[in-house]
Amino acid sequence: MKIKRVLFVLAALLLGYVLYRWLSRPALSSRHSNLEIPIREVDLIDLRPAGQPAILLKKEPQGWIVSDGSWSTPARPEAVEDLLASVEQIPLYELVAHDPESWKRYGLDDEQALRLVVWAKEERIADFAIGLPEADSLHRCFLRVTGLPEVFAVPDLALSTIATEPQAYIQKRLADSAALRDLQQWAYVLPDTTYRFTRQQGGDWRLQDSLPVRGERVDRLLDALVRARGQYLDMARNYSDSSLYVLGEIQLGEPPELVITLARDRSLGERAFLIHSSQYPALWHRSDSGGLYGELMPPISYFLPSSKENQ
């Protein structure tokens, strides 16, 4: 009898524990609070895609910088703003799991998740992992806060489209408009000749101080430096080896404040030209002869008036 009574008590305790866990579990359909980040205070974003190098976005006095630790270059401000807008307020719709064993199922283990760490004044203000979008009509993806076991369902509209490639954040320019403001002199420096263009008192350009040139074509070339959105070839690659042949430079200012290098890499084929800006030193652009290279490296006769204009 005593053994039966002990077993009955144990069974009752076990049933009570199971009922307690069942009744105290979070309601899966209830809305939880938002995950809110004060984005105006953010000065460092650390994106860590699974199996890829980290992407660091750092706010400097002159603007945002993107880096992977081995190179850095100015970031597109609109791309950073889009990222911050995506994570400013994240509704935590449902608590779907509360144990580490479930992380893999929701794409939240270290081999799958995108980890995002946000800093402000050297203080970590957010640290969470973003998992897989759910392949159903609910349009959800999953999130967990680093250091906590719980898994939340969140709307995937913003989080599932966060860019995890550095190219998405890179400012793919050769020069910004400030480099051309009040420009008085620029030069083509070729292997055997230097052509200097000087702005005159009335705004006209002269070649070698005396030859009149077609000012609208000078302006067109200088505008191309700002408009250029070249295809990036490689980050921080050393092109100083024997395969690189420098064809010329565009030097802005005297002494030069900005240098655009135009070159050909023999290892990439006859029509593969490379363009590099000293303002964006980690970025190389690639062009064929009829693309960006052709805009920036026309023959010098392109700038000279026609024979009819000289008559």
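## Salt bridges

In this predicted model, Asp127 and Arg115 form a salt bridge whose closest N and O atoms are 2.6 Å apart, the term denoting a side-chain nitrogen of Lys or Arg within 4 Å of a carboxyl oxygen of Asp or Glu. Asp127 lies in strand E9 (residues 123-130) and Arg115 in strand E8 (residues 114-120), so the pair ties together parts that are 12 residues apart in sequence; helices (H or I, at least four residues) and strands (E, at least two) are DSSP runs numbered from the N terminus. Asp127 is buried at a relative accessible area of 10%, while Arg115, at 26%, counts as partly exposed, where buried means under 20% relative accessible area, exposed over 50% and partly exposed in between, computed with a 1.4 Å probe on protein chains only.

The structure holds 10 salt bridges. One of them joins the side chains of Asp109 and Lys104 at 3.6 Å, N to O; here Asp109 is buried, with a relative accessible area of 11%, whereas Lys104 is exposed, with 56%. Another links Arg214 to Glu216, with 3.2 Å between the closest N and O atoms, and in this pair Arg214 is partly exposed at 21%, as is Glu216 at 41%. Salt bridges that share partners also join Arg115, Arg124 and Asp127 into one network.

## Basis of the values

Residues are numbered from 1 along each chain as its sequence is written, and side-chain values use heavy atoms, with hydrogens and water left out. Since the model is predicted, local features need pLDDT of at least 70 and side-chain atom pairs count only at pLDDT 80 or more, while totals for chains, interfaces and linings use all residues.

## Pockets

The largest pocket holds about 220 Å³ of space. On a 1 Å grid over the protein atoms alone, a pocket is an open set of points where a 1.4 Å probe fits, with protein on both sides within 12 Å along at least five of seven lines, and lining residues have an atom within 4 Å of a point; grid points are joined across faces, edges and corners, and a volume is the space filled by probe spheres set on the points. The lining of the largest pocket includes Gln62, Trp64, Pro74, Arg173, Asp176 and Tyr280, and strand E4 (residues 63-67) gives the most to this lining, with three residues. By class, the lining residues of the largest pocket divide into six nonpolar, four polar and two charged, where Ala, Val, Leu, Ile, Met, Phe, Trp, Tyr, Cys and Pro count as nonpolar, Asp, Glu, Lys and Arg as charged, and the others, Gly among them, as polar.

The second largest pocket has a volume of about 190 Å³ and is lined by 15 residues, of which Asp110, Ala113, Arg115, Ala129 and Arg144 lie nearest its centre. Its lining has seven nonpolar, three polar and five charged residues.

## Nonpolar core

The largest nonpolar core has 37 residues, and those with the most contacts inside it are Ile45, Leu47, Leu57, Phe128, Leu159, Ile162 and Tyr169; such a core is a set of buried Ala, Val, Leu, Ile, Met, Phe, Trp, Tyr and Cys residues joined through side-chain atoms within 4.5 Å. Among the elements that each supply at least two residues of this core are strand E2 (44-48), strand E3 (55-60), E4, helix H2 (77-87), E8 and E9, and H2 gives the most, with five residues.

## The E19-E20 hairpin

Strand E19 (residues 273-277) and E20 pair in the antiparallel sense over four bridges, pairing being assigned if DSSP finds at least two bridges between two strands. The two strands form a hairpin with five residues between them, and the bridge partner of Phe273 in E20 is Ser287. Strand E20 (residues 283-287) is mostly covered, with four of its five residues buried.

## Backbone features in loops

The peptide bond from Glu254 to Pro255 is cis, with omega near 0 degrees, and Pro255 is found in the loop between strand E17 (244-252) and strand E18 (258-265).

Lys121 has a positive phi of about 55 degrees although it is not a glycine; Lys121 is found in the loop between E8 and E9 and counts as exposed at 76% relative accessibility. Asp209, also not a glycine, has a positive phi of about 70 degrees, and Asp209 sits in the loop between strand E14 (205-207) and strand E15 (211-212), where Asp209 is exposed with a relative accessible area of 60%.
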